[in-house]
Amino acid sequence: MNKKLIFLVMVGLVIFQACEKDETDPGNDGKEETAINWAAAADSSSSSFIYSYWNPAASYFHYNNLNNTDFHYWPQAHALDVVIDAYERTGDNLYLTTINDWYEGVKAKNGNTFFNVFYDDMEWNALAMLRAYNATNQERYKTAAISVWEDIQTGWNDNAGGGISWKKDQPYSKNACSNGPACILAARLYQQFGDEADKEWALDIYGWEKEYLFNPASGAVYDNINSRTGETQMAWIFTYNQGTFLGSALELYNITGEKAYLNDAQKAADYTLNTLVNSGDRLLKDEGSGDGGLFKGIFVRYFTQLILHPDLSDGTRNRYLQFLKYNAEKLWQEGTDKNKLLYGTYWKNKPGSTSDLTTQTSGAMLIEAAALLEAEGLINP
């Protein structure tokens with residue numbers, strides 16, 4: 001029996017363990033319902049993710065499950081995040097080995113550097129590397145994260161009143177995707193290492209984004225402002241920008257204790273739950289493949305941290321939990337190709353024969369989030 005067949009058999013067994021029929025629930029009117037063991041689901045999801053997308057020779061993630069070797073820098077960060085999620089949950093050496101090898105492989109594929117023309121791409125990777133440092137205590141990850149952060153700071157200029165630019169060659173474009181993650185990174189560096197300058201960076205970046213890209217009445221986060229035209233792109237409202245804004249608000253609440261930040265986080269979350277969903281449903285909308293395939297997973301990551309925050313009211317937490325649980329159940333029960341363990345762009349529709357790294361990473365993030373909430377006693381298996 002070859003290695004691939006052995007692996008698929010093992011994943012199939014774990015999937016079987018993840019789903020158990022519950023015929024005893026008095027509320028199901030005699031119908032069978034599936035109780036999901038989220039830890040087992042995450043085991044099969046994340047191990048299959050590595051098997052199907054990881055290049056063990058070059059130590060980076062392929063762009064799809066059919067061994068497309070195209071290298072895209074920013075999804076590597078979120079793929080690493082999934083691996084760290086799984087390692088923190090299980091302590092399995094499969095994940096530790098991947099984390100260890102990711103550093104050299106991704107650095108080599110990115111031109112032997114972690115710097116990039118896109119500020120947001122560097123921010124995602126710095127955030128993931130800081131998590132890798134905390135998971136493994138490898139100093140190289142800490143050093144790289146701080147070095148990248150210092151380069152990110154060069155993206156701030158006075159165009160459009162401040163903020164971090166989207167690209168090094170477009171200083172006029174100030175985007176939510178380059179400011180939300182930068183604020184989260186600065187805040188986490190401050191909380192961990194105590195440099196007051198990082199705290200000031202976090203406060204300034206957040207203050208700029210809230211003033212120029214956040215609608216405090218609705219909770220919407222606009223995509224960007226172009227300082228050459230003065231135009232704010234209000235038509236583009238994406239789940240990942242909502243996620244990083246609420247994530248940055250939550251980080252600043254942790255630093256300052258000021259309730260306004262927690263309120264902002266909830267406004268951004270509520271806008272997403274009320275507006276960025278499929279019409280007539282509670283399922284996060286389809287934002288396509290390619291870059292858009294990653295958007296929902298990023299929202300889920302920071303939304304999960306909001307759910308876990310002890311200062312959230314019980315009523316709000318329960319409402320958020322039900323929303324996330326519903327999305328996870330739809331993905332696992334309806335939107336997963338259980339033969340290939342693949343996810344699609346809309347979480348209740350199975351994919352075709354292939355799935356982009358971005359799309360697959362989002363699905364894997366959601367399953368790991370459900371497993372984390374289960375482990376915390378907030379979702380019952």
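Biologist: In this predicted model, what makes β5 and β6 a hairpin?

Modeller: The two strands have two residues between them, and they run antiparallel, joined by two bridges. Strands count as paired when at least two bridges are found between them, so β5 and β6, with two bridges, meet that requirement. Within this pairing, Lys167 stands opposite Gln170 in β6.

Biologist: How do you know that β6 also pairs with β7?

Modeller: Three bridges join β6, residues 170–175, to β7, residues 224–226, and these strands run antiparallel. Ser173, for its part, stands opposite Asn226 in β7.

Biologist: Why are β5 and β8 said to stand at the edges of the sheet?

Modeller: The order of the four strands is β5-β6-β7-β8, with antiparallel pairing, and the sheet is open. β5 (165–167) and β8 (231–233) each have a single partner strand, so one side of each is left without a neighbour in the sheet. Neighbouring strands here are turned by 40 degrees against each other on average, when direction is ignored.

Biologist: What makes you say that helix α7 packs on this sheet?

Modeller: Helix α7, residues 176–193, touches β5 and β6, where contact means heavy atoms within 4.5 Å. The direction of α7 makes about 70 degrees with that of β6.

Biologist: Why is β6 called mostly covered?

Modeller: A residue is buried if its relative accessible area is under 20%, and five of the six residues of β6 are buried, so by that cut-off the strand is mostly covered.

Key: Residues numbered from 1 in each chain as written. Predicted model: local features only at pLDDT ≥ 70, side-chain atom pairs only at ≥ 80, totals over all residues. Heavy atoms only, no water. Axes fitted to C-alpha atoms, helices over the stretch in contact; angles between N-to-C directions. Buried < 20%, exposed > 50% of the residue type's maximum accessible area, 1.4 Å probe, protein only.
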